[in-house]
Amino acid sequence: MRRCFVVANVVFLCGIIVAKVSPLPAQDMALSQVLVDGEDWQLLGEGYKFTEGPAVDRQGHVYFTDIPNNVIYVIDTDGAIVLFAENTANTNGLMVGPDDRIYGCRNGDKQIVAYTTDGAMEVIVEGVTSNDLVVTSKGAIFFTDPSNGQVYYISPQREMRVVANEIHPNGVIMWPDEGTLVVTERDSLHLWTYRIESDGSLTNRERYYGPLQLRSDSKTPGSDGMTVDRDFRLYVTTRLGLQMFDPTGRLGGTIAKPHNGPMANACFGGKDFDYLYATCGDKVYRRKTKVTGVPYFLRAGEKKE
Amino acid sequence: MNSNRHTIHVAILGLAMLTLKANSAYAIDDYTLGPDSIVQEGVPQGTVTQGQWTSEKIFPGTVRDYWIYVPAQYNADKPACVMVFQDGGSYVNPEGQQRATVVMDNLIHKGEMPVTIGIFLSPGVVPATEPDQKPRNNRSFEYDTLSDQYAKFLLEEILPFVGESYNLTEDPDERAICGISSGGICSWTVAWEHPEAFRKVLSQIGSFTNIRGGHVYPALIRKTERKPIRVFLQEGSNDLDNLHGNWPLANQQMAAALNFAGYDYEFVMGDGAHSGKHGGAILPESLRWLWKDRVEEK
């Protein structure tokens, strides 16, 4: 049930005790550290049905999906949008992997797939429902399966297993160092947080981030997609806006939505990964920030195996 | 208590000459430790045992340091009072701002507080899997969250464990809990959630602000039937004003609410910043006030 390790160490009061813990709070992370005065959301594109899955590549281009219209677009670093793929079978969450392919939750065909930049598609796994995914710097995948209340892990060798259940998952993200996984539930006032073990198992789950803020007309936050920045801030889309948390799980503030409609997901993109891109129902926006994102594939070259 | 001059300080804020006069006599945050915080010759010293606790039930996977202080006067035939300190490493440090074990040695020796076992706890950490990854620092989650999770951790994990080795009281009026900053609101939350288990609270520069919703306590206190909690609040006029709130105002709101609701409370507003300097300097007075009912009875 519980364990303790008594470090057989009787310290008398005149002895030396090294106090390692400072009572002072962790560094405060206010919105002013993120938002640039005078910079607001810029509309990049509109006329879509429901946009989702923003995912940045090595050049800073941002892919996104229009789920009901079965298309994936890509935004170049100047903000221009071009068609990337058609007939996407309601593909939802996207993320670029260390192999520079664009991975996606192709939920209409119950597949997880990967596209090369020339548009060629490979099926990674079949027979699963999915919503959102992350791809690690080693090429492993975590994806959420809201229909069955599970989170799956696909190893780099393509072995798949359930690593979390008893959850109604929606969005999924990792800390920049890939040691901690965070999962949203639309109706919960917190975000679930897990430790990622070396074999992809998820342990020590906790309601670490919270409480989320509510819009005055709603009893639930409607938490959806997430992104993280270099300093381990975590951003989660909600009905109220983009709620930003510091790495100790405390709300730093809520960035206003660009419009009154839905805001489903966000990511950092642009040449220096310092623009926040947001998929907001029929529209897609971006805004300049003072911080930068850190796509996991950038770690692929750094890590020594 | 040295608080009179600070009260004056606040009241005359607009009157430059008087303020100047006050400033010439007292520097801001100039608190120093008194004799009760210093080892005194002839006073028996308790022992401190250190260990590490891994939670597998309430905060799964968290690891934390603990220290158990046992006063020299402890007698295993008689249940000892209990005091739990959050951020325990800083309170137990005999060279630090608080020096709680030295203070307890001195006060217990003089009969100014009962024979009390001190349990000093660090906040939990979920260690990282790989060396280049950040551990999950659980302090804010454990201390700032408005729930009974931390109280359960004490009642279901820590107190039973310490109780295996020592004869601890089960009388809630003989159980105190203390902390600084987020540890302060944590201590209040433990008693608020479980007054049948803890009824004495010492909060130093307590974070009754909106870190995780703790700013609502003054409102809750005013509209909730009074709970049998005795609470000592220490705060400083130069404490934090940040995205989470304004600490001096939040503590004044707490004191006003406790007063309105008829609590047995003491509020000391100094001119310190967000540190343990003032709280440490008045720790002996704080403990004397908190425990006075148990001393008079004994």
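Reply: In this predicted model, B:Q98 counts as buried because its relative accessibility is 3%, and the cut-off for buried is under 20%. B:Q98 sits in a loop of chain B, between helix 3 (88–92) and helix 4 (100–109). Its side chain makes a polar contact, at 2.8 Å, with the side chain of B:Q204. Leaving aside residues up to four places away in sequence, B:Q98 touches B:S90, B:Y91, B:V103, B:I180, B:Q204, B:G276, B:G279, B:G280 and B:L283.

Next come the nonpolar cores. The largest nonpolar core has 93 residues, and those with the most contacts inside it are A:I112, A:L181, B:L154, B:W188 and B:I221. Helix 6 (residues 149–165) of chain B gives the largest share of this core, eight residues. Another core, of 28 residues, lies apart from it and includes B:A100, B:F120, B:I205 and B:L287. As for B:I221, its contacts beyond four places in sequence are B:W188, B:W192, B:M254, B:A257, B:L258, B:A261 and B:Y263.

In chain A, four strands form an open antiparallel sheet in the order 7-8-9-10. Strand 7 (91–96) and strand 10 (121–126) of chain A each have a single partner strand, so one side of each is left without a neighbour in the sheet. From one strand to the next, the twist averages 25°. Strand 8 (residues 102–106) and strand 9 (residues 111–115) of chain A are joined by five bridges in the antiparallel sense; in strand 9, A:A114 is the bridge partner of A:Y103.

Strand 20 (residues 234–237) of chain A is covered on both faces: A:L234 and A:V236 are buried on one side, A:Y235 and A:T237 on the other. In a regular strand, side chains alternate between the two faces of the sheet. Strand 20 of chain A pairs antiparallel with strand 19 (residues 226–228) over three bridges and with strand 21 (residues 241–245) over four bridges. A:Y235 stands opposite A:T227 and opposite A:M244 in strand 21 of chain A. Strands 19 and 20 of chain A form a hairpin with five residues between them, and A:F232 in the turn has a positive phi of about 70°. The hairpin of strands 20 and 21 of chain A has three residues between them.

Finally, confidence: chain A has a mean pLDDT of 92, with 90% of its residues at 70 or more. Over residues 1–25 of chain A, pLDDT stays under 50. Where pLDDT is low, the predicted coordinates should not be read in detail.

Definitions and conventions:
Residues numbered from 1 in each chain as written. Chains lettered and ligands numbered in written order. Predicted model: local features only at pLDDT ≥ 70, side-chain atom pairs only at ≥ 80, totals over all residues. Heavy atoms only, no water. Helix = DSSP H or I, 4+ residues; strand = E, 2+ residues; numbered from the N terminus. Buried < 20%, exposed > 50% of the residue type's maximum accessible area, 1.4 Å probe, protein only. Polar contact = N/O pair within 3.5 Å; in protein donor to acceptor, adjacent residues only side chain to side chain. Contact = heavy atoms within 4.5 Å. Pairing = 2+ DSSP bridges. Axes fitted to C-alpha atoms, helices over the stretch in contact; angles between N-to-C directions. pLDDT = per-residue confidence, 0-100. Core = buried A, V, L, I, M, F, W, Y, C linked by side-chain atoms within 4.5 Å.
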